[in-house]
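I am opening my notebook to record, entry by entry, what I looked up in this structure and what I found there.

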Amino acid sequence: MNVTEAIAEALKEEGVEYLFGFPSNPLFDTGAAEEVGIRTIITRQERTAVHMADAIGRLTSGDEVVAFACQHGPGTENAIGAIAQAYGESAPLVAIPAGYDRSKTDVDPKFNSLVNYQPVSKRCEQLTDPDAVGETLRRAFSAARNGRGRPAVVEVPKDVFWEDAPENFEYSPSSSNRAGPDPGSIPEIATALADAENPVIFAGQGVHYARAWDELRALAETLEAPVATSLNGKSAFPESHPLSLGAGSKSEPAPLAHFFDECDVLFGVGCSFTQTTYGITVPEGKTVIHSTLDPTDIDKDVASDLSLVGDAQLVLDALVDAVDDNVADDRGRFDDVADEIATVKSDWLDEWEGKLTAEETPINPYRVIHEITNVVDPAETIITADAGNPRDFLAPFYETDEPLSYIGWGKTTQLGYSLGLAIGAKLRFPEKLCLNIMGDGAIGMTGMDFETAVREDAPILTIHLNNYAMASYDTPFSGDFADVGDALGGDGERVEDPEEVAPALERAIETTEAGTPALLEIITAKETELSRPDLD
């Protein structure tokens, strides 16, 4: 057994079902991964392959860590942006890029992944000793699985792939563990929450990773407190719930801004409170309680008055019991809070009704979002939208109650991310409608990988909002992408009449259900207005 075969065996023992990437890399070239039962999927470019792995890690709450592999040199250079995106969004995966031969790995100008991937990976090693293949892979998977999920990188020099593995090689897979909060800190925080006049809960992606959806709802209903989520945490709390404020992003629903201004205590759980254009701004003068799995996030961007470090489910479970001991069965404010949320939300939706139901042409993109919300079943859908206006149009108005049905992101905003996320989602959850929304910039970055969806039997629905520009930057573009969808083997359709948006969506969904990827090119106006009640 050589090192290539040993790596494949290790991936199998770690439960890896998919290896995404682009040749050449011996894991693909020799068929070693396929021989042990791992499905290998080749994309049109390395970024999309990483995005597909990213999606599976996130949509399984980190339970399934899959792998990425690529060529030394240009492959590793092309992939680093996607690894950086996964790092920023806390997505677990293991990357196994090839490297130059050991004798040349440090020779200028050769790209060295060990050196260059350090800032965007949780763990980064170079496998130079064939005898260390097992322990090196185990460290990588352990890093990806435990604590905050992020990419781990193992660079394998080309010549090492062909070295002999240890005799009688047997691999022991990594384990996964959870860390709970300090029990001594629970009573003080429970008291602070129970004593708050107007508490607000802000839930991040850590609630998804901990699968703490029931505990989050229990705490909210015990406190009778409204709940907002980060964009990454969207769907962690049912958005039809009377206490839901929606998700915070560059654009957001009015109830979120309203209650953030009114609250006296803000409890962030499973979140980093990272300052970003695509997240919330914590108002001044509030008591901030911060619970997160990663202790480096405490007091990083937002000073906290109280803090807890630990897995969100273990934290919330402990707090639910402790808060319950501090409050009466009925605090008497649920109806008042719910009514206030409903009133603010109704007034906000009235303000946007004209755009959401607009009848002019080119089609207002908010009309497209409105029709999506009417046509798709959120419980049977996984949806994501690309950076820029597609994300900002969708996030405030699309509501879902199903956990992990919305892939949100925003710590960094690479155009083209949504396509790989949708393909990865469809491969892992073929029973779902997997839908991504792209603008002109995004489809130009990664649109050719629509062919990957066709070739790999991943019938996604891609919606291209085509206004022949990046409207926010007044940058003109051109192209007829429904024709591209057809040419790549999918089913493309162009829509120019607002009354045809809903019927076209229904046809596209039927097409995906029949096994063919669909690309809806909707000709839209250059809309730039966003829902920013926080600026009012």
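Predicted model: local features only at pLDDT ≥ 70, side-chain atom pairs only at ≥ 80, totals over all residues.

**Entry 1: strand β15 and its partners.** I then followed β15 (residues 461-466), which pairs with β19 (residues 518-523) in the parallel sense over 6 bridges. Along this pairing I found L461 opposite A518 in β19, and N466 opposite I523 in β19. β14 is also joined to β15, by 4 bridges, and the two run parallel; here M438 has H464 of β15 as its bridge partner.

Is β15 enclosed or open to the outside? I found that 6 of its 6 residues are buried, so the strand is largely enclosed by the rest of the structure. In a regular strand the side chains alternate between the two faces of the sheet. In β15 both faces are covered, with L461, I463 and L465 buried on one side and T462, H464 and N466 buried on the other.

Entry 2: Next I looked up helix α8 (residues 186-195) and helix α12 (residues 312-324), whose axes come within 9 Å and cross at roughly 60 degrees. That angle makes α8 oblique to α12, and the crossing is right-handed. Where they meet, I186, I189, A190 and L193 in α8 face A318, L319, A322 and V323 in α12 as contacts.

**Entry 3: the nonpolar cores.** Which residues have the most contacts inside the largest nonpolar core? This core has 101 residues, and I wrote down F20, I201 and L216 as the answer. Leaving out residues up to four places away in sequence, I201 touches a list of residues that includes L216, L219, F267 and V269. A second, separate core has 37 residues, among them A385, Y398, L520 and I522. In soluble globular proteins, nonpolar side chains tend to be buried together.

Entry 4: Not counting residues up to four places away in sequence, G268 touches F202, F273, I289, H290 and S291. I also checked G268 against D483, which is 215 residues apart from it along the chain, and their C-alpha atoms are separated by 46 Å.

R58 has its place in helix α4 (residues 46-59). Is R58 buried or exposed? Its relative accessible area is 5%, and because the cut-off for buried is under 20%, R58 counts as buried. Beyond its neighbours within four places in sequence, R58 is in contact with several residues, including E89, Y209, W409 and L421.

Entry 5: Most residues other than glycine have a negative phi, and most peptide bonds are trans. I therefore noted the exceptions under that general rule. The peptide bond from P23 to S24 is cis, with omega near 0 degrees, and S24 is in the loop between β1 (18-21) and α2 (26-29). Another cis bond goes from D108 to P109, with omega near 5 degrees, and P109 is in the loop between β4 (93-99) and α6 (113-116).

For positive phi, I found S90, with a value near 60 degrees, in the loop between α5 (74-88) and β4; S90 is buried, with a relative accessible area of 8%. D299 also has a positive phi, of about 65 degrees, and is in the loop between β11 (287-292) and β12 (306-309). D299 is partly exposed, with a relative accessible area of 45%.

Methods: Residues numbered from 1 in each chain as written. Heavy atoms only, no water. Contact = heavy atoms within 4.5 Å. Pairing = 2+ DSSP bridges. Buried < 20%, exposed > 50% of the residue type's maximum accessible area, 1.4 Å probe, protein only. Core = buried A, V, L, I, M, F, W, Y, C linked by side-chain atoms within 4.5 Å. Axes fitted to C-alpha atoms, helices over the stretch in contact; angles between N-to-C directions. Parallel < 35°, antiparallel > 145°, perpendicular 65-115°, else oblique. Left-handed = near helix turned anticlockwise from the far one by under 90°.
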